[in-house]
Amino acid sequence: MSRRNETAIFTLALLITLGFVGVVFWWFTNTSGVPLNNLLNLNQKNTSDIISFGEKILGSQEVSLPEQEGVNALAARDYKKAVIRLEAALKLNRNNPQALIFLNNARIGSGKSYTIGASVPISSDPNTALEILRGVAQAQNEINQSGGIQGVPLKVAIANDQDNPEIAKQIAKALVDNQQVLGVVGSSTSDSTLAAGTVYTNGQLVAISPTSTSVKISNFSRYVFRTVPSDFMAARALANYMVKKLQKKNIAVFFNSQSNYSQSLKSEFVQSVSLEGGQLLSEFDLSRADFSAAKSVEQATKQGAEVLMFAPDRDTLDKALQVIQVNHKRLAMLGGDDVYGSKTLEVGREQALGMVLAVPWHIEGNKLSDFPYKSRQLWNADVNWRTAMAYDATRVLFAAIERNPTRSGVQEVITSPNFSITGASGTIRFLPSGDRNAQVQLVQIIARNSSRSGTGYDFVPVPQ
């Protein structure tokens with residue numbers, strides 16, 4: 001067969017194939033009811049569904065009738081009714097930060113305001129989201145009750161990033177495009193902060209994470225900051241405690257290789273231990289499908305480990321708790337801030353006694369601070385470090401907006417070497433890297449008859 005005939009046959013076959021594909025594609029888009037634009041964007045989230053100033057409830061948590069009526073009134077711009085119903089909702093449940101933020105937004109109505117966003121994982125991790133929102137809500141409430149920013153109140157947009165880096169980027173784009181937004185509190189995890197941070201940087205909008213600790217965020221951007229100390233600080237504190245206080249040097253580490261945060265804390269800890277003269281004997285990836293708590297502890301013990309260090313993320317915490325139970329307090333235990341929660345006390349109980357964690361803040365850490373008292377009065381409950389760090393992030397944005405209420409002004413104020421304010425966790429100032437210049441708090445698990453947690457066990461500060 002000649003080359004010319006081969007080419008003709010090939011061209012004809014290609015045209016027939018393309019025509020067939022086109023017909024199938026036309027049939028699908030016209031008979032399935034899925035428009036072409038929607039088909040090409042099936043994985044895209046409509047940001048109007050995941051960002052709210054109070055006109056919609058985000059997440060699937062239980063909502064009281066007064067709160068739903070308040071939200072409906074806000075959507076209808078009936079601000080007077082919204083205020084009345086949201087006040088009623090808070091009387092039913094004082095510990096509801098979303099309702100308090102919506103109430104403060106309703107009180108502003110259509111009046112002049114300065115606006116910030118709060119990006120939190122309401123759908124995927126509602127507890128963490130509510131802890132962060134309590135800090136934002138408390139700061140907003142105090143700011144507006146004290147007269148706002150030179151008479152102008154603060155409005156907050158809540159965004160549900162679902163702890164998904166791609167959704168966090170979409171939210172960042174929407175907030176950047178809204179020129180009323182002068183700053184953002186979020187994201188909550190290091191992965192989402194890094195993903196969204198590129199968008200915030202390109203849009204020259206400041207974002208302050210209250211909870212992202214990965215060292216990858218250091219020097220990441222002139223527009224991305226954090227009020228939580230980095231993993232470098234936590235790792236140094238734990239390594240120092242292990243070598244000097246416990247006088248032990250051989251470690252086994254448990255981490256999640258799929259998490260930026262987990263890998264960061266693990267790497268920084270191993271490096272810090274090495275600098276202190278210790279050594280890593282074994283490491284165990286909690287994300288592996290064949291992970292076995294019993295076999296891991298047995299292997300670590302045979303290799304001569306004296307200390308088990310836990311750097312799980314939220315997704316692998318349950319496996320870390322299995323290790324704690326299997327260990328039976330035979331080897332000393334250290335951990336990062338994702339271990340610091342009521343679940344560790346409820347599940348670990350007696351087997352977790354003596355475990356030492358590095359955390360950003362503890363409610364008993366500073367007896368001179370009035371933040372614990374004020375937060376109890378507002379929420380009728382104790383708050384944790386995420387609330388304190390989110391409160392501090394909101395306070396930083398407030399202070400910057402007060403001095404220069406523009407996007408560029410906010411960034412210039414925060415990056416100034418003279419910038420310093422007092423927050424829930426003491427003095428807040430930033431290093432040129434965007435990191436907060438602050439130490440971490442070491443806490444230990446003890447047994448208590450009248451425990452705050454209600455489990456008979458509590459975290460208490462380790463004496464300095």
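Predicted model: local features only at pLDDT ≥ 70, side-chain atom pairs only at ≥ 80, totals over all residues.
Mentor: Let's start with a definition: helices (H or I, at least four residues) and strands (E, at least two) are DSSP runs, numbered from the N terminus.

Trainee: What joins Gly-186 and Ser-187?

Mentor: The link between Gly-186 and Ser-187 is a cis peptide bond, with omega at about 0°.

Trainee: How many helices and strands does the protein have?

Mentor: There are 16 helices and 15 strands. The C-alpha atoms fill a box of roughly 80 × 75 × 45 Å along the principal axes. Of the 464 residues, 52% are buried.

Trainee: And what does UniProt list for residues 114–443?

Mentor: An unreviewed UniProt entry gives that span as "domain: Leucine-binding protein". In the model, the span is 43% helix and 18% strand, and its end C-alpha atoms lie 38 Å apart.

Trainee: Now to β2. Why is strand β2 called largely enclosed?

Mentor: A residue is buried when its relative accessible area is under 20%. Seven of the seven residues of β2 (residues 114–120) are buried, so the strand is largely enclosed by the rest of the structure.

Trainee: Which residues point one way from β2, and which the other way?

Mentor: Tyr-114, Ile-116, Ala-118 and Val-120 point one way, while Thr-115, Gly-117 and Ser-119 point the other, and all of them are buried.

Trainee: What makes β2 and β3 a pair, and how many bridges join them?

Mentor: Two strands pair if DSSP finds at least two bridges between them. Seven bridges join β2 to β3 (residues 154–160), and the two run parallel. One example is Ser-119, whose bridge partner in β3 is Ala-159. To get from β2 to β3, the chain crosses through helix α6 (residues 126–145), and this β-α-β crossover is right-handed.

Trainee: How many bridges join β2 to β4?

Mentor: Three bridges join β2 to β4 (residues 181–185), again in a parallel arrangement, so with a threshold of at least two bridges they count as a pair. Thr-115 has Val-181 as its bridge partner in β4.

Trainee: What about β14 and β15: in which sense do they pair?

Mentor: β14 (residues 441–447) and β15 pair in the antiparallel sense over five bridges. The partner of Gln-444 in β15 is Val-460. Four of the five residues of β15 (residues 457–461) are buried, so this strand too is largely enclosed by the rest of the structure.

Trainee: Let's turn to a helix. Which residues of α11 are buried?

Mentor: In α11 (residues 293–302), the buried residues are Ala-293, Ser-296, Val-297 and Ala-300.

Trainee: How do you know that they are on the same side of α11?

Mentor: Around the axis they cover an arc of only 95°, which puts them on the same side of α11. The face turned away from that buried side carries the exposed residues Lys-295 and Lys-302.

Trainee: What covers the buried residues of α11?

Mentor: The cover includes β7 (250–255), β8 (279–285), β9 (307–311) and α12 (317–327). After α11 comes Gly-304, with a positive phi near 95°.

Trainee: Which value does phi have in Lys-329?

Mentor: Phi of Lys-329 is near 65°, a positive value in a residue other than glycine. Lys-329 sits in the loop between α12 and β10 (332–335).

Trainee: Why is Lys-329 called partly exposed?

Mentor: Partly exposed lies between under 20% for buried and over 50% for exposed. The relative accessible area of Lys-329 is 38%, so the residue is partly exposed.

Trainee: And what makes Asn-380 exposed?

Mentor: The cut-off for exposed is over 50%, and Asn-380 has a relative accessible area of 57%, so the residue is exposed. Asn-380 is in the loop between α14 (371–379) and α15 (385–403). Its phi is positive, about 60°, although Asn-380 is not a glycine.

Trainee: Ser-375 lies in α14. Why does Ser-375 count as buried?

Mentor: Its relative accessibility is 0%, and buried means under 20%, so Ser-375 counts as buried. Leaving aside neighbours within four places in sequence, Ser-375 is in contact with Gln-138, Asn-380, Ala-381 and Val-383.

How values were computed:
Residues numbered from 1 in each chain as written. Heavy atoms only, no water. Buried < 20%, exposed > 50% of the residue type's maximum accessible area, 1.4 Å probe, protein only. Right-handed = clockwise from strand over helix to strand, strands pointing away. Arc of directions from axis to C-beta. Contact = heavy atoms within 4.5 Å. UniProt positions renumbered as here; feature names shortened; annotations may be inferred.
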